[in-house]
Amino acid sequence: MYERGENVSRVDTLVNIGTERLGVSASEVDDLKLHLDNNVGAKDVMKDIQTGRRRYKIQGVPFFVIGAVDGEESFLGQPYG
């Protein structure tokens, strides 16, 4: 992974991590490659990012929301007072 000098922005690196460390089976490799090559889910990720920016005023990472429940709208303001 990144701390080991692996380029996690490359599809082949992610597939290797999946098969070697996360238990992705050989029969799932082609589907995983297709998923990554075609940015499947990218719209959902961008939607989540926009929601975080709007709802929690996230401007950078890491950012932690403690005690939030799925769909919960309440937020107590600044995380460190």
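Ile49 lies in helix H3. The model is predicted. The protein chain has three helices and zero strands. Of its 81 residues, 9% count as buried.

**Overall build**
- Read from the N terminus, the elements of the protein chain run α-α-α.
- Take the contacts in the protein chain between residues at least 6 apart in sequence: 6% of them join residues at least 24 apart.

**Surface**
- The protein chain exposes about 7100 Å².
- A nonpolar patch on the surface is formed by Val45, Met46 and Ile49.
- Together, these three residues have about 250 Å² of accessible area.

- Ile49 has a relative accessibility of 34%.
- Buried means under 20% and exposed means over 50%, so Ile49 counts as partly exposed.
- Ile49 is also one of the residues of the nonpolar patch, alongside Val45 and Met46.

**Ile58, after helix H3**
- Helix H3 covers 42-56, and Ile58 sits in the segment after it.
- The relative accessible area of Ile58 is 24%.
- Leave aside the neighbours of Ile58 within four places in sequence, and its contacts are Gly52, Arg53 and Phe63.

Conventions. Residues numbered from 1 in each chain as written. Predicted model: local features only at pLDDT ≥ 70, side-chain atom pairs only at ≥ 80, totals over all residues. Heavy atoms only, no water. Helix = DSSP H or I, 4+ residues; strand = E, 2+ residues; numbered from the N terminus. Buried < 20%, exposed > 50% of the residue type's maximum accessible area, 1.4 Å probe, protein only. Contact = heavy atoms within 4.5 Å. Areas by Shrake-Rupley, 256 points an atom, 1.4 Å probe, with all protein chains shown as cover. Patch = residues over 30% accessible without salt bridge, like charges linked within 9 Å, V, L, I, M, F, W, Y side chains within 5 Å. Salt bridge = Lys/Arg side-chain N within 4 Å of Asp/Glu carboxyl O.
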